[in-house]
Amino acid sequence: MALVFLRTTIIFFTLLLVMRLMGKSQIGEMQPFELVITLLIAELACIPMADSSVPLLYGIVSIVAIFILHQIVWLLDLWFKPMKTVVCGKPSLVITKEGIDSYQLRQNNLDVADLIESMRGAGYFNLDDVYYGLYEANGKFSALAKEQLTPTLPVLLVDSGKPDEKNARIAGLTVDKIKEFASEQGCKLKNVLVMTVDSNGRVYFQPKGKPYKILNMQVSGQW
Amino acid sequence: MVKSIIYTLVAIALCLGIFFGTQYYIDSQVGKFHSALETLYDKIEEKTATREDAYSVRELWADKKSKLHIFIPHNDISYVDYWLSEACALIYRDEFDLALGKIEVLLEITKNLPDSYSVKLENVF
(Lines give C-alpha, C1' and ligand atoms only; values in the text may rest on other atoms or scores of the structure.)
Protein backbone atom coordinates (compact mmCIF):
# COMPACT_ATOMS: atom_id res chain seq x y z
CA MET A 1 0.00 0.00 0.00
CA ALA A 2 2.85 2.38 0.81
CA LEU A 3 4.06 1.60 -2.68
CA VAL A 4 0.75 2.71 -4.20
CA PHE A 5 0.91 5.92 -2.15
CA LEU A 6 4.49 6.60 -3.25
CA ARG A 7 3.72 5.92 -6.91
CA THR A 8 0.66 8.19 -6.77
CA THR A 9 2.82 10.92 -5.21
CA ILE A 10 5.41 10.62 -7.97
CA ILE A 11 2.73 10.75 -10.70
CA PHE A 12 1.10 13.73 -8.97
CA PHE A 13 4.28 15.79 -8.90
CA THR A 14 5.29 14.72 -12.42
CA LEU A 15 1.92 15.82 -13.78
CA LEU A 16 2.10 19.04 -11.80
CA LEU A 17 5.56 19.80 -13.20
CA VAL A 18 4.43 19.03 -16.74
CA MET A 19 1.35 21.24 -16.34
CA ARG A 20 3.52 24.08 -15.06
CA LEU A 21 5.95 23.64 -17.93
CA MET A 22 3.13 23.60 -20.47
CA GLY A 23 2.20 27.11 -19.46
CA LYS A 24 -1.14 28.78 -19.23
CA SER A 25 -2.41 27.67 -22.60
CA GLN A 26 -3.11 24.21 -21.17
CA ILE A 27 -4.83 25.18 -17.96
CA GLY A 28 -8.01 27.22 -18.42
CA GLU A 29 -9.57 28.48 -15.19
CA MET A 30 -8.01 25.92 -12.88
CA GLN A 31 -4.86 26.11 -10.81
CA PRO A 32 -2.27 23.64 -12.19
CA PHE A 33 -2.54 21.39 -9.17
CA GLU A 34 -6.33 21.37 -9.37
CA LEU A 35 -6.13 20.24 -12.98
CA VAL A 36 -3.65 17.51 -12.01
CA ILE A 37 -6.05 16.30 -9.34
CA THR A 38 -8.94 16.30 -11.80
CA LEU A 39 -6.89 14.28 -14.27
CA LEU A 40 -5.80 11.76 -11.66
CA ILE A 41 -8.94 11.24 -9.61
CA ALA A 42 -11.03 9.99 -12.52
CA GLU A 43 -8.40 7.42 -13.54
CA LEU A 44 -7.69 6.30 -9.99
CA ALA A 45 -11.35 5.75 -9.25
CA CYS A 46 -11.96 4.05 -12.57
CA ILE A 47 -9.20 1.40 -12.65
CA PRO A 48 -10.10 -0.61 -9.50
CA MET A 49 -13.78 -0.26 -10.42
CA ALA A 50 -13.35 -1.66 -13.91
CA ASP A 51 -10.55 -4.16 -13.30
CA SER A 52 -11.63 -6.75 -10.76
CA SER A 53 -8.09 -8.12 -10.45
CA VAL A 54 -6.99 -4.89 -8.73
CA PRO A 55 -8.02 -4.70 -5.07
CA LEU A 56 -10.41 -1.83 -4.37
CA LEU A 57 -8.13 -0.79 -1.53
CA TYR A 58 -5.54 0.31 -4.13
CA GLY A 59 -7.97 2.87 -5.54
CA ILE A 60 -8.98 4.04 -2.08
CA VAL A 61 -5.36 4.51 -0.96
CA SER A 62 -4.53 6.41 -4.18
CA ILE A 63 -7.48 8.74 -3.72
CA VAL A 64 -6.61 9.35 -0.07
CA ALA A 65 -3.03 10.06 -1.24
CA ILE A 66 -4.38 12.68 -3.64
CA PHE A 67 -6.43 14.20 -0.82
CA ILE A 68 -3.36 14.42 1.43
CA LEU A 69 -1.24 15.93 -1.36
CA HIS A 70 -3.96 18.47 -2.13
CA GLN A 71 -4.13 19.49 1.53
CA ILE A 72 -0.32 19.74 1.78
CA VAL A 73 -0.08 21.90 -1.36
CA TRP A 74 -2.94 24.07 -0.10
CA LEU A 75 -1.33 24.54 3.33
CA LEU A 76 2.06 25.33 1.77
CA ASP A 77 0.30 27.93 -0.39
CA LEU A 78 -1.11 29.57 2.73
CA TRP A 79 1.94 29.44 4.94
CA PHE A 80 4.82 29.82 2.54
CA LYS A 81 4.18 32.41 -0.14
CA PRO A 82 7.06 31.57 -2.54
CA MET A 83 5.58 28.07 -2.74
CA LYS A 84 2.43 29.49 -4.33
CA THR A 85 4.53 30.82 -7.22
CA VAL A 86 6.32 27.50 -7.59
CA VAL A 87 3.17 25.37 -7.56
CA CYS A 88 0.58 27.64 -9.14
CA GLY A 89 2.73 30.07 -11.14
CA LYS A 90 2.15 33.81 -11.21
CA PRO A 91 0.19 36.19 -13.44
CA SER A 92 1.93 37.19 -16.68
CA LEU A 93 1.55 40.70 -18.01
CA VAL A 94 1.38 40.17 -21.75
CA ILE A 95 0.03 43.56 -22.87
CA THR A 96 1.43 46.79 -21.53
CA LYS A 97 1.02 50.39 -22.67
CA GLU A 98 3.84 49.70 -25.15
CA GLY A 99 2.02 46.76 -26.71
CA ILE A 100 2.50 43.03 -26.60
CA ASP A 101 5.28 41.57 -24.48
CA SER A 102 6.49 38.73 -26.67
CA TYR A 103 8.86 37.44 -24.00
CA GLN A 104 5.98 36.86 -21.60
CA LEU A 105 3.98 35.15 -24.34
CA ARG A 106 6.86 32.79 -25.07
CA GLN A 107 7.26 32.08 -21.35
CA ASN A 108 3.69 30.78 -21.34
CA ASN A 109 3.96 28.87 -24.61
CA LEU A 110 1.52 31.20 -26.31
CA ASP A 111 1.65 33.15 -29.54
CA VAL A 112 -0.03 36.31 -30.78
CA ALA A 113 -2.94 34.34 -32.29
CA ASP A 114 -3.63 32.75 -28.87
CA LEU A 115 -3.54 36.18 -27.26
CA ILE A 116 -5.99 37.61 -29.80
CA GLU A 117 -8.29 34.64 -29.23
CA SER A 118 -8.18 35.17 -25.45
CA MET A 119 -8.91 38.87 -25.95
CA ARG A 120 -11.90 38.11 -28.14
CA GLY A 121 -13.13 35.68 -25.47
CA ALA A 122 -12.89 38.51 -22.95
CA GLY A 123 -14.78 40.88 -25.26
CA TYR A 124 -11.89 42.91 -26.73
CA PHE A 125 -11.46 42.71 -30.48
CA ASN A 126 -8.59 45.15 -30.98
CA LEU A 127 -5.17 44.77 -29.42
CA ASP A 128 -5.17 48.45 -28.42
CA ASP A 129 -8.56 48.18 -26.67
CA VAL A 130 -6.75 47.50 -23.40
CA TYR A 131 -4.09 49.32 -21.39
CA TYR A 132 -2.95 46.15 -19.73
CA GLY A 133 -3.69 42.51 -20.38
CA LEU A 134 -2.55 39.60 -18.30
CA TYR A 135 -2.92 35.88 -17.91
CA GLU A 136 -3.79 34.91 -14.36
CA ALA A 137 -2.06 31.90 -12.76
CA ASN A 138 -5.12 29.80 -13.65
CA GLY A 139 -4.80 30.72 -17.35
CA LYS A 140 -7.72 33.15 -17.41
CA PHE A 141 -7.23 36.37 -19.37
CA SER A 142 -7.86 39.64 -17.51
CA ALA A 143 -7.55 43.17 -18.90
CA LEU A 144 -7.78 46.80 -17.94
CA ALA A 145 -9.87 48.15 -20.80
CA LYS A 146 -9.67 51.61 -22.32
CA GLU A 147 -12.64 53.92 -21.88
CA GLN A 148 -13.38 53.83 -25.61
CA LEU A 149 -13.28 50.54 -27.50
CA THR A 150 -12.81 50.41 -31.28
CA PRO A 151 -15.94 48.81 -32.74
CA THR A 152 -14.23 46.90 -35.55
CA LEU A 153 -13.02 43.38 -36.19
CA PRO A 154 -9.36 43.37 -37.19
CA VAL A 155 -7.68 40.49 -39.01
CA LEU A 156 -4.19 39.28 -38.19
CA LEU A 157 -1.85 39.96 -41.09
CA VAL A 158 1.52 39.18 -39.50
CA ASP A 159 2.15 36.92 -36.52
CA SER A 160 5.76 36.82 -35.27
CA GLY A 161 7.23 37.72 -38.66
CA LYS A 162 5.01 35.32 -40.61
CA PRO A 163 2.41 36.77 -42.98
CA ASP A 164 -1.06 35.23 -43.06
CA GLU A 165 -1.98 34.99 -46.76
CA LYS A 166 -5.60 34.00 -46.11
CA ASN A 167 -6.23 37.00 -43.88
CA ALA A 168 -4.36 39.23 -46.34
CA ARG A 169 -6.79 38.12 -49.08
CA ILE A 170 -9.74 38.91 -46.80
CA ALA A 171 -8.36 42.43 -46.41
CA GLY A 172 -7.76 42.66 -50.16
CA LEU A 173 -4.00 42.75 -49.66
CA THR A 174 -1.03 40.71 -50.81
CA VAL A 175 2.07 39.59 -48.95
CA ASP A 176 4.15 41.95 -51.11
CA LYS A 177 1.95 44.84 -50.09
CA ILE A 178 2.38 43.92 -46.41
CA LYS A 179 6.17 43.71 -46.92
CA GLU A 180 6.12 47.10 -48.57
CA PHE A 181 4.09 48.56 -45.71
CA ALA A 182 6.53 47.13 -43.16
CA SER A 183 9.55 48.52 -45.01
CA GLU A 184 7.87 51.95 -45.10
CA GLN A 185 7.94 51.72 -41.30
CA GLY A 186 11.66 50.89 -41.47
CA CYS A 187 11.18 47.27 -40.55
CA LYS A 188 11.64 43.93 -42.32
CA LEU A 189 8.63 41.59 -42.32
CA LYS A 190 10.49 38.99 -40.22
CA ASN A 191 10.99 41.64 -37.52
CA VAL A 192 7.28 42.44 -37.22
CA LEU A 193 5.83 40.96 -34.07
CA VAL A 194 2.22 41.67 -34.95
CA MET A 195 0.26 43.52 -37.57
CA THR A 196 -3.51 43.64 -37.76
CA VAL A 197 -5.83 45.68 -39.90
CA ASP A 198 -9.54 46.40 -39.58
CA SER A 199 -12.12 47.22 -42.25
CA ASN A 200 -11.42 50.96 -41.87
CA GLY A 201 -7.75 50.42 -42.71
CA ARG A 202 -6.67 51.03 -39.11
CA VAL A 203 -3.43 49.14 -38.57
CA TYR A 204 -1.96 47.91 -35.28
CA PHE A 205 1.73 47.58 -36.05
CA GLN A 206 4.33 46.38 -33.56
CA PRO A 207 7.92 45.50 -34.49
CA LYS A 208 9.73 43.01 -32.26
CA GLY A 209 11.10 44.66 -29.13
CA LYS A 210 9.51 48.03 -29.92
CA PRO A 211 6.28 49.81 -28.92
CA TYR A 212 3.23 49.49 -31.13
CA LYS A 213 1.97 52.16 -33.53
CA ILE A 214 -1.49 52.83 -34.88
CA LEU A 215 -1.24 53.52 -38.61
CA ASN A 216 -3.48 53.56 -41.62
CA MET A 217 -3.44 51.69 -44.89
CA GLN A 218 -5.72 51.19 -47.85
CA VAL A 219 -7.78 48.00 -47.66
CA SER A 220 -10.27 46.78 -50.23
CA GLY A 221 -11.76 43.72 -48.56
CA GLN A 222 -15.19 43.63 -46.99
CA TRP A 223 -15.72 41.89 -43.64
CA MET B 1 -8.57 25.54 8.63
CA VAL B 2 -8.01 23.66 11.89
CA LYS B 3 -10.62 21.16 10.69
CA SER B 4 -8.71 20.71 7.39
CA ILE B 5 -5.44 20.12 9.22
CA ILE B 6 -7.13 17.57 11.48
CA TYR B 7 -8.63 15.79 8.44
CA THR B 8 -5.21 15.73 6.77
CA LEU B 9 -3.49 14.37 9.86
CA VAL B 10 -6.21 11.74 10.27
CA ALA B 11 -5.80 10.73 6.61
CA ILE B 12 -2.01 10.52 7.01
CA ALA B 13 -2.38 8.44 10.19
CA LEU B 14 -4.89 6.19 8.44
CA CYS B 15 -2.56 5.70 5.48
CA LEU B 16 0.43 4.95 7.73
CA GLY B 17 -1.69 2.44 9.62
CA ILE B 18 -2.73 0.78 6.36
CA PHE B 19 0.87 0.74 5.05
CA PHE B 20 2.42 -0.90 8.07
CA GLY B 21 -0.58 -3.11 8.78
CA THR B 22 -0.75 -4.39 5.21
CA GLN B 23 2.97 -5.05 4.97
CA TYR B 24 2.96 -6.90 8.28
CA TYR B 25 -0.12 -8.90 7.31
CA ILE B 26 1.23 -9.92 3.89
CA ASP B 27 4.61 -10.84 5.41
CA SER B 28 3.08 -12.98 8.15
CA GLN B 29 0.41 -14.70 6.04
CA VAL B 30 2.66 -15.47 3.10
CA GLY B 31 5.42 -16.41 5.56
CA LYS B 32 3.18 -19.04 7.18
CA PHE B 33 2.27 -20.48 3.81
CA HIS B 34 5.94 -20.48 2.82
CA SER B 35 6.81 -22.48 5.96
CA ALA B 36 4.08 -25.00 5.15
CA LEU B 37 5.47 -25.33 1.63
CA GLU B 38 8.99 -25.90 3.01
CA THR B 39 7.69 -28.71 5.20
CA LEU B 40 5.89 -30.22 2.22
CA TYR B 41 9.07 -29.88 0.16
CA ASP B 42 11.08 -31.79 2.77
CA LYS B 43 8.46 -34.54 2.83
CA ILE B 44 8.45 -34.79 -0.96
CA GLU B 45 12.24 -35.04 -0.96
CA GLU B 46 11.98 -37.89 1.52
CA LYS B 47 9.15 -39.33 -0.60
CA THR B 48 6.91 -39.47 2.46
CA ALA B 49 4.43 -36.79 1.38
CA THR B 50 0.86 -38.01 1.43
CA ARG B 51 -2.40 -36.90 -0.15
CA GLU B 52 -3.36 -35.44 3.27
CA ASP B 53 -0.21 -33.32 3.44
CA ALA B 54 -0.97 -31.80 0.05
CA TYR B 55 -4.60 -31.31 1.04
CA SER B 56 -3.73 -29.51 4.27
CA VAL B 57 -1.35 -27.12 2.44
CA ARG B 58 -4.14 -26.45 -0.04
CA GLU B 59 -6.58 -25.76 2.79
CA LEU B 60 -4.10 -23.42 4.44
CA TRP B 61 -3.68 -21.49 1.20
CA ALA B 62 -7.45 -21.31 0.62
CA ASP B 63 -7.80 -19.73 4.05
CA LYS B 64 -4.96 -17.24 3.50
CA LYS B 65 -5.89 -16.22 -0.03
CA SER B 66 -9.45 -15.23 0.86
CA LYS B 67 -7.98 -12.44 3.00
CA LEU B 68 -4.95 -11.69 0.84
CA HIS B 69 -7.33 -10.81 -2.02
CA ILE B 70 -8.03 -7.54 -0.19
CA PHE B 71 -4.39 -6.49 -0.25
CA ILE B 72 -2.67 -7.89 -3.33
CA PRO B 73 -3.71 -8.06 -6.99
CA HIS B 74 -5.70 -11.18 -7.73
CA ASN B 75 -3.40 -12.19 -10.59
CA ASP B 76 -0.57 -12.82 -8.13
CA ILE B 77 -2.86 -15.12 -6.14
CA SER B 78 -3.83 -16.93 -9.34
CA TYR B 79 -0.16 -17.83 -10.00
CA VAL B 80 0.08 -19.51 -6.60
CA ASP B 81 -3.25 -21.29 -7.23
CA TYR B 82 -1.98 -22.59 -10.56
CA TRP B 83 1.34 -23.95 -9.32
CA LEU B 84 -0.17 -25.36 -6.12
CA SER B 85 -2.86 -27.24 -8.07
CA GLU B 86 -0.22 -28.77 -10.31
CA ALA B 87 1.99 -29.75 -7.37
CA CYS B 88 -0.92 -31.31 -5.49
CA ALA B 89 -2.05 -33.28 -8.54
CA LEU B 90 1.46 -34.74 -8.88
CA ILE B 91 1.63 -35.62 -5.18
CA TYR B 92 -1.74 -37.42 -5.47
CA ARG B 93 -0.18 -39.54 -8.23
CA ASP B 94 3.06 -40.05 -6.21
CA GLU B 95 5.11 -38.30 -8.89
CA PHE B 96 7.41 -36.75 -6.33
CA ASP B 97 10.25 -35.74 -8.65
CA LEU B 98 7.93 -33.65 -10.79
CA ALA B 99 6.10 -32.26 -7.73
CA LEU B 100 9.43 -31.11 -6.31
CA GLY B 101 9.94 -28.72 -9.23
CA LYS B 102 6.47 -27.24 -8.81
CA ILE B 103 6.97 -26.71 -5.08
CA GLU B 104 10.31 -25.02 -5.80
CA VAL B 105 8.51 -22.54 -8.05
CA LEU B 106 5.96 -21.95 -5.31
CA LEU B 107 8.70 -21.41 -2.73
CA GLU B 108 10.28 -18.82 -4.99
CA ILE B 109 6.97 -17.06 -5.61
CA THR B 110 6.04 -16.91 -1.93
CA LYS B 111 9.57 -15.80 -1.02
CA ASN B 112 9.36 -12.85 -3.42
CA LEU B 113 5.68 -11.98 -3.03
CA PRO B 114 5.94 -9.78 0.11
CA ASP B 115 9.02 -8.07 -1.34
CA SER B 116 7.15 -7.04 -4.46
CA TYR B 117 4.81 -4.91 -2.32
CA SER B 118 7.43 -3.33 -0.08
CA VAL B 119 8.77 0.16 -0.64
CA LYS B 120 11.89 -0.46 -2.71
CA LEU B 121 13.35 1.55 -5.54
CA GLU B 122 12.81 -1.23 -8.08
CA ASN B 123 9.15 -1.47 -7.08
CA VAL B 124 8.52 2.25 -7.22
CA PHE B 125 9.77 2.65 -10.80
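Leaving aside neighbours within four places in sequence, Ile178(A) is in contact with Leu157(A), Val158(A), Pro163(A), Ala168(A), Leu173(A), Leu189(A) and Met195(A); two residues are in contact if their C-beta atoms, placed from the backbone, lie within 7 Å. The model is predicted, so local features need pLDDT of at least 70 and side-chain atom pairs count only at pLDDT 80 or more, whereas totals for chains, interfaces and linings use all residues. Residues are numbered from 1 along each chain as its sequence is written, and chains are lettered from A in the order in which they are written.

Ile178(A) belongs to the largest nonpolar core, which has 33 residues; with Ile100(A), Leu115(A), Leu157(A), Val194(A) and Met195(A), it is among those that touch the most other members. Such a core is a set of buried Ala, Val, Leu, Ile, Met, Phe, Trp, Tyr and Cys residues joined through C-beta atoms within 7 Å. A residue is buried if 20 or more other C-beta atoms lie within 10 Å of its own, exposed if 12 or fewer, and partly exposed in between, with C-beta atoms placed from the backbone. Two or more residues of this core come from each of E1, H6, E3, strand E5 (155-159), helix H8 (175-184), strand E7 (192-197) and strand E8 (202-207) of chain A. Helices (H or I, at least four residues) and strands (E, at least two) are DSSP runs, numbered from the N terminus. E7(A) supplies the largest share of the core, five residues. A second, separate core of 24 residues includes Leu37(B), Ala54(B), Val80(B) and Trp83(B).

Chain A also holds two open sheets, described in turn. In one, five strands follow the order E6-E5-E7-E8-E9 with antiparallel pairing; two strands pair if DSSP finds at least two bridges between them. Strand E6 (162-163) and strand E9 (213-216) of chain A each have a single partner strand and stand at the edges, so one side of each lacks a neighbour in the sheet. Four bridges link E8(A) and E9(A) in the antiparallel sense, and Tyr204(A) has Ile214(A) as its bridge partner in E9(A). H6(A) packs on this sheet, touching E5 and E7 of chain A, and its direction makes about 155 degrees with that of E5(A). Axes are lines fitted to C-alpha atoms, for helices over the stretch in contact, and angles run from 0 to 180 degrees between N-to-C directions.

The other sheet has four strands in the order E2-E1-E3-E4 of chain A, again with antiparallel pairing. Its edges are strand E2 (99-100) and strand E4 (141-145) of chain A, each with a single partner strand, so one side of each is left without a neighbour in the sheet. Two bridges join E2(A) to strand E1 (residues 92-96) of chain A, and Thr96(A) has Gly99(A) as its bridge partner in E2(A). Helix H6 (residues 112-121) of chain A packs on this sheet, touching E1, E2, strand E3 (130-135) and E4 of chain A, and its direction makes about 70 degrees with that of E4(A).

Chain B has five helices and zero strands. Its contact with chain A takes 21 residues from chain B and 16 residues from chain A. On the side of chain B, helix H1 (2-45), helix H3 (74-92) and helix H5 (121-124) each give two or more residues, and H1(B) gives the most, with ten residues.
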